[in-house]
Amino acid sequence: MTKVFSEEFTNISIKDLMIPADKVAHVQMGNNLEHALLVLTKTGYTAVPVLDAQYRLHGLITTNLIMDSILGLERIEFERLQNMKVEEVMNKDVSRLNVSDDWMKALKLVINHTFVCITNEDGVLEGIFTRRVILKKLHKQLMILNSRFPK
Ligand code: AMP
């Protein structure tokens with residue numbers, strides 16, 4: 001089969017593309033929902049990782065999950081935000097990657113997720129792999145191909 005992309009492109013490692021953990025906004029399992037909503041609103045993200053004190057990944061919290069958890073029958077019960085913990089509401093079924101995984105696996109995962117967490121063998125968050133980063137890389141590669149093979 002003819003190779004469309006360069007070796008350099010297909011040999012990219014997940015480590016090269018990930019946003020490192022120290023730059024990833026997150027919340028802790030024991031934080032209340034008010035804090036989580038504050039983090040999500042301030043950062044402008046709709047989802048962030050949930051970690052424990054050892055920075056191990058336990059789930060993801062989203063604005064949608066928070067709002068859904070405080071929906072009453074007739075109104076949104078904002079007062080519940082202070083008493084409910086992130087760990088009660090977070091999504092625990094999270095796809096994850098390892099830095100040694102093939103980045104094609106990562107590419108497949110971001111079809112259905114806007115970002116995927118990368119953890120080490122102890123479950124500690126090492127970074128995230130986002131749709132934006134991979135789309136930027138793909139766009140750059142397509143521009144290179146276009147310039148190499150003009151019409
Ligand atoms: P993007 O592809 O940059 O739009 O990012 C997709 C999603 O990844 C965002 O909506 C966030 O949920 C998450 N994300 C991206 N960058 C960060 C970050 N620095 N910290 C936490 N979450 C992030």
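**Sheets and ligand site**

Trainee: In which sense do strand β3 (residues 47-51) and β4 pair, and over how many bridges?
Mentor: This is a predicted model: local features need pLDDT of at least 70, side-chain atom pairs count only at pLDDT 80 or more, and totals for chains, interfaces and linings use all residues. Residues are numbered from 1 along each chain as its sequence is written, and side-chain values use heavy atoms, without hydrogens or water. Strands are DSSP runs (E, at least two residues) numbered from the N terminus, and two of them pair if DSSP finds at least two bridges between them. For β3 and β4 the sense is antiparallel, and the count is five bridges.

Trainee: Why is one side of β2 (27-28) and of β4 (57-62) left without a neighbour in the sheet?
Mentor: The open sheet has three strands, ordered β2-β3-β4, with mixed pairing. β2 and β4 stand at its edges, so each has a single partner strand.

Trainee: Which residue of β7 stands opposite proline 20?
Mentor: Another open sheet runs β1-β7-β6-β5, again with mixed pairing. Its edge strands are β1 (19-20) and β5 (96-97). β1 and β7 run antiparallel, joined by two bridges. The residue opposite proline 20 is glycine 127.

Trainee: How far is the side chain of arginine 132 from an oxygen atom of the ligand?
Mentor: A polar contact is a pair of N or O atoms within 3.5 Å. Tyrosine 45 has a side-chain N or O atom 3.3 Å from a ligand nitrogen. For arginine 132, a side-chain N or O atom lies from that oxygen at 2.8 Å.

Trainee: How much of the ligand's 480 Å² does the protein bury?
Mentor: Accessible areas come from the Shrake-Rupley method with a 1.4 Å probe. Taken alone, the ligand exposes 480 Å², and the buried share is 84%.

Technical notes. A polar contact is a pair of N or O atoms within 3.5 Å; within protein, one must be able to donate a hydrogen and the other to accept it, and residues adjacent in sequence count only if both atoms are side-chain atoms. Helices (H or I, at least four residues) and strands (E, at least two) are DSSP runs, numbered from the N terminus.
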